[in-house]
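This report describes the chains of a model and the contact between them. The sequence and structure are shown first.

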Amino acid sequence: MKPVAITAFTATSTLGRGNAAMLDALRRGKGGLKANDFDRAELRAWIGRVAGLEDEPITGALAEYDCRNNRLAQIGLAQDGFREAVLKAKDRYGAKRVAVLLGTSTSGILQTELAYRRRDSQGNLADVRYRHAQNLYSMTDFVRRALALEGPSMTISTACSSSAKVFASAARYLEAGIADAVVVGGVDSLCLTTMHGFSSLQLVSDEPCRPFDAARKGMSIGEAAGYALLEKIEPHKIALLGYGESSDAYHMSTPQPEGEGALGAMRQALSRAGVGPGEIDYVNAHGTATPANDRAEDRALVRLFGKRVPVSSTKGFTGHTLGAAGIVEAIVCFLALEHGFIPATLNSSALEPGLESMILLQNRPARVKRALSNSFGFGGSNCSLVFGA
Amino acid sequence: MLCGEAAFTPTPVQRPVPSLLPPAERRRCAPSVAWALAVAQEAVAQSGLDAGAFAVVFASSDGDGDIVHRLCTALATPAAAVSPTDFHNSVHNAATGYWSIGAHSQAPSTAICAYDGSFSAGLLEAACQIAIEKRPVLLVTVDLPYPPPLAPHRPVRHGFAAALALEPGAGLEVTLDGAAPDSLPLKDFEGNAAAAALLLLAALARPGEALVRLPLTERSLQVRKRG
């Protein structure tokens, strides 16, 4: 495929607001996970929480969208001059020619979860705001309106691959001429459904997550907002070179043990990028730190790359940001491309015996010309992206 | 009904049994998944193609209200113990996950929401995939009424599910348009986002050329059917 230019990007997570905070944390090996203090804090877990969401409501014309997820979306938009970059694109192409494709797994469901605690004696729900908080489109609608864009817009919600798959759809929008620029990204915020849901499947660790470690005990959930601006212009310093999408066709919440679906997605991404496995300098793994994911992903990585391509999971820094993981980890790749380093697999000290890919436990300076990012979700939804500089 | 020759009389229908799934999963999957698989199977059977030939686009505004209600009810209790099955079935892409398992298909799939414009957003995604990836796409759309405490906050009178097996050269042209969307041929389905598919189905049911405008946020998706 023709490379797609990435002309602006920004990430906000527990590492801080904007790219500089993330870069600094990655470089210094300083993670953002803290002991669970969310809501009633009854789960023994570590979480990647964004500070300050409670104090920054959405006010003014879009006040009806106010909820934790849209507050995070709003804060994310305000970093790194992203809003200004989009407004310039809007001036250049016209509001109708800029599309908005964002991923989330739970949108503003927290609002409804809390409303259920406040049901009246007849069981009625007083303060559900379905359209502006709960519905999966709420966040995309909020961002679209906050940027006054009029191009086509939708939410992609395929669990933890959501905000990787928006890149694939955006590339098709641009190629098909549906838009001249696309705001892609994802926003997912802490809520009870995911905290207790993953816990019910015994996938949540009671310590900071340790991807690929022999003693790993599961994931740490995080929240994040991230965006990138994709444009149909000549190659830029950072570009989307390829994407691959596949289904496991195996199980709703367990990956195929040989990483069959993951392998298919990575192969497609390389093939669309027109590069071989040896031309990838860094793989940002999905690496959730659940026993099953890390083993299956390692199998897929070894089958494609052998033991020669450096791999890390950055979920020890940010936590697993679920529907925002795709964009957050795409931005980790952009920082690796721009600043010439490969981030560590934080918190992990002894790799599980039997894992064979080249998993890095320490930061490493490296010239990164091309990076591949993996995102896999429940329902066996896989997406791999290749970025280049 | 779609041709306006018969009147619509609401008739309760049984939740279908998705024969595609292993017996244990047939009863366990959510109603929205059962409906999605039932219409998807019918459309694929009519297409004459293998199920595995299709990429899948699932479009729904509201997902599965029964599961949302059960999860939120459980989360409001002191123990907040949710059913692990409800949790993994709560993802918006549950239907495509079950489809890939039942159809043994590793083809790409996606799950989309654009509130009242969800069907059109799904059709636009399907059209882009057909144009760029040059492969058949199965577009599946489902929206069902919400259970009582949520129903006043998202009033949907009747459930609706449809699937379209689309191939390159299917004779449909999709373009973005600034005009207002057409009104639904069956008024009873107003408020059900998936039922926007009725506009397209009505055009397909009638012989000859047709032009319909489907709802998409603040604008419409124009679909031209060649005769």
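How many bridges join β1(B) to strand β3 (residues 137-143) of chain B, and do they run parallel or antiparallel? Five bridges join the two strands, and β1(B) and β3(B) run parallel.

## Basis of the description

This is a predicted model, in which local features need pLDDT of at least 70 and side-chain atom pairs count only at pLDDT 80 or more, while totals for chains, interfaces and linings use all residues. Residues are numbered from 1 along each chain as its sequence is written, and chains are lettered from A and ligands numbered from 1 in the order in which they are written.

## Strand β1 of chain B

Strand β1(B) spans residues 55-59, and five of its five residues are buried (a residue is buried if 20 or more other C-beta atoms lie within 10 Å of its own, exposed if 12 or fewer, and partly exposed in between, with C-beta atoms placed from the backbone). Ala55(B), Val57(B) and Ala59(B) lie on one side and Val56(B) and Phe58(B) on the other, so that both faces are covered. Helices and strands here are DSSP runs numbered from the N terminus (helices are H or I of at least four residues, strands E of at least two).

## Overall form of chain A

Chain A holds twelve helices and 17 strands. Its radius of gyration is 19 Å, close to the 21 Å that the globule rule gives for 389 residues, so chain A is as compact as a globular protein of that length (the radius is taken over C-alpha atoms, and the rule is 2.2 Å times the number of residues to the power 0.38). Along the principal axes, the C-alpha atoms fill a box of roughly 60 × 50 × 40 Å.

Of the 389 residues in chain A, 67% are buried. Among contacts in chain A with a separation of 6 or more, 79% are between residues 24 or more positions apart (two residues are in contact if their C-beta atoms, placed from the backbone, lie within 7 Å).

## The contact between the chains

Chain A contributes 53 residues to the contact and chain B 49 residues. On the side of chain A that touches chain B, the largest share, six residues, comes from α7(A). By class, that side has 19 nonpolar, 22 polar and twelve charged residues (Ala, Val, Leu, Ile, Met, Phe, Trp, Tyr, Cys and Pro count as nonpolar, Asp, Glu, Lys and Arg as charged, and the others, Gly among them, as polar).

Strand pairing also crosses from one chain to the other. β6(A) and strand β2 (residues 109-113) of chain B run antiparallel and are joined by two bridges. Thr155(A) stands opposite Cys113(B) in β2(B).

α7(A) packs against helix α12 (residues 325-339) of chain A at an angle of about 75°, with the axes 5 Å apart (axes are lines fitted to C-alpha atoms, for helices over the stretch in contact, and angles run from 0 to 180 degrees between N-to-C directions). That makes α7(A) roughly perpendicular to α12(A) (angles of 65 to 115 degrees count as such, those under 35 as roughly parallel, those over 145 as roughly antiparallel and the rest as oblique). Ser162(A), Ser163(A) and Ala164(A) of α7(A) make the contact with Ala325(A), Gly326(A) and Ile327(A) of α12(A).

Eight of the nine residues of α8(A) are buried, so this helix is largely enclosed by the rest of the structure. Its buried residues include Met195(A), His196(A) and Phe198(A). The cover over them includes α4 and β8 (221-222) of chain A, together with α3 (65-75) and α4 (84-89) of chain B. Gln202(A), which follows α8(A), has a positive phi near 55°.

## A three-stranded sheet in chain A

An open sheet of mixed pairing has the strand order β3-β4-β8 in chain A. β3 (34-35) and β8 of chain A stand at the edges with a single partner strand each, so one side of each is left without a neighbour in the sheet. Strand β4 (residues 46-48) of chain A pairs with β8(A) in the parallel sense over two bridges. Ile221(A) in β8(A) is the bridge partner of Ile47(A).

Methods:
Two strands pair if DSSP finds at least two bridges between them.
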